[in-house]
Amino acid sequence: FSLKCHISHEVNHLNEGLKQGLKAELEKNSPALGRSAIYLKESHISGLPRYLTIQFVRFFWKRESNQKAKILRKVDCPLQLDVYDFCSNDLRKKLEGPRKILRDEEGKKAGLKTDEKSSDSKKNAMNINGSGESSGSTLQDAPFEKEEHLTGVYDLVAVLTHKGRSADSGHYVAWVKQEDGKWIEFDDENPIQQREEDITKLSGGGDWHMAYICMYKARVVSI
């Protein structure tokens, strides 16, 4: 499962490129006009993966010079990506519950007070059995398996960059986040530890490494 980040003069951030990538112009016959017309097609995401891959469309065919070219424009890619706005209405409804739980969990970590009504309802749900009747057993007496649910929020875990101005040459390097949260740059046989703030600089705009493919890992909650 992958998305494309289209790059134009109006795109400065990954979200803007994704929005363009989900739109397309189609030329087809219009019965009302009696001739061909340009239609705008807008797509929405109907299902989400555990790992989301995004390709930056940096290479294209330049007709004027009849050769491949590279778009050097700077496009910021966030460490955290929320794709909720790109989802279909049905998928948004499915994400609302898990997203509420995620916000509560993040609020607790930040020392914020959560919605007591929401917390009470979750506790009550745990004390109700499958028939809808109240059960006097405790969680230890009646263990159950929690299911993981996607939230539409993703964390950046890997970046493939291309260094160089030419589309026919250059150097590819992988930047991968480890389990302990540290980032490692894999430049051929030389692994180098990097700071997280260095990853945010892989946005392009010059001769430095610029993101070509980003991989995001889904944030999930157990319900």
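# Exercises on a predicted model

In the hairpin of β5 and β6, 4 residues lie between the strands, and Asn66 there takes a positive phi near 55°. This is a predicted model, in which local features need pLDDT of at least 70, side-chain atom pairs count only at pLDDT 80 or more, and totals for chains, interfaces and linings use all residues. Residues are numbered from 1 along each chain as its sequence is written, and side-chain values use heavy atoms, with hydrogens and water left out.

## Exercise 1: strands and a hairpin

Task: State how many helices and strands there are in the protein chain, then describe how β5 and β6 pair.

Solution. 

Step 1. The protein chain has 4 helices and 12 strands. Helices (H or I, at least four residues) and strands (E, at least two) are DSSP runs, numbered from the N terminus.

Step 2. Strand β5 covers residues 59-62 and strand β6 covers residues 67-70; they pair in the antiparallel sense over 4 bridges. Two strands pair if DSSP finds at least two bridges between them.

Step 3. Asp188 is in the loop between β10 (183-187) and β11 (190-194). Asp188 counts as exposed because its relative accessibility is 57%; exposed means over 50% relative accessible area, buried under 20%, and partly exposed in between (1.4 Å probe, protein chains only).

## Exercise 2: the nonpolar core

Task: Find which residues have the most contacts inside the largest nonpolar core, and which element gives the most to this core.

Solution. 

Step 1. Begin with the whole chain: of its 223 residues, 32% count as buried. In soluble globular proteins, nonpolar side chains tend to be buried together.

Step 2. The largest nonpolar core has 33 residues, and Leu14, Ile54, Phe56 and Tyr216 are those with the most contacts inside it. Such a core is a set of buried Ala, Val, Leu, Ile, Met, Phe, Trp, Tyr and Cys residues joined through side-chain atoms within 4.5 Å.

Step 3. At least two residues of this core come from each of β1 (2-5), α1 (14-21), β4 (51-56), α2 (89-109), β8 (148-163), β9 (171-177) and β12 (210-222). The element that gives the most is β12, with 4 residues.

Step 4. Take Phe56 and leave aside its neighbours within four places in sequence: its contacts (heavy atoms within 4.5 Å) include Cys5, Leu14, Val75 and Tyr212.

## Exercise 3: aromatic rings

Task: Classify the aromatic pairs that a search of the whole structure finds.

Solution. 

Step 1. The search finds 2 aromatic pairs. A pair of aromatic rings is described by the distance of the centres and the angle of the planes. Rings of Phe, Tyr and Trp (its six-membered ring) pair if their centres lie within 6.5 Å; planes under 30 degrees apart count as stacked, over 60 as edge-to-face and the rest as tilted.

Step 2. Phe59 and Tyr212 are 5.3 Å apart centre to centre, with 65° between the planes, an edge-to-face pair. This pair links distant parts of the chain, with Phe59 in strand β5 and Tyr212 in strand β12, 153 residues apart. Phe59 is partly exposed, at 23% relative accessible area, whereas Tyr212 counts as buried, at 16% relative accessibility.

Step 3. The ring centres of Tyr172 and Tyr212 are 6.3 Å apart and their planes are at 55°, so this pair is tilted. Tyr172 is in strand β9 and Tyr212 in strand β12, 40 residues apart.

Step 4. Phe59, Tyr172 and Tyr212 together form one aromatic cluster.

## Exercise 4: Lys28 and Arg99

Task: Is Lys28 buried, partly exposed or exposed, and which residues are in contact with Arg99?

Solution. 

Step 1. Lys28 lies in strand β2 (residues 23-30) and counts as partly exposed because its relative accessibility is 47%.

Step 2. The charged end of Lys28 sits over the ring of Tyr39, 5.5 Å from its centre. The rule here is that NZ of Lys or CZ of Arg is within 6 Å of the ring centre and within 35 degrees of the ring normal. Arg92 likewise lies over the face of Tyr84, at 5.3 Å from the ring centre.

Step 3. Arg99, in helix α2, is buried, with a relative accessible area of 14%. Leaving aside neighbours within four places in sequence, Arg99 is in contact with Asp82, Tyr84, Thr151, Gly152 and Val153.
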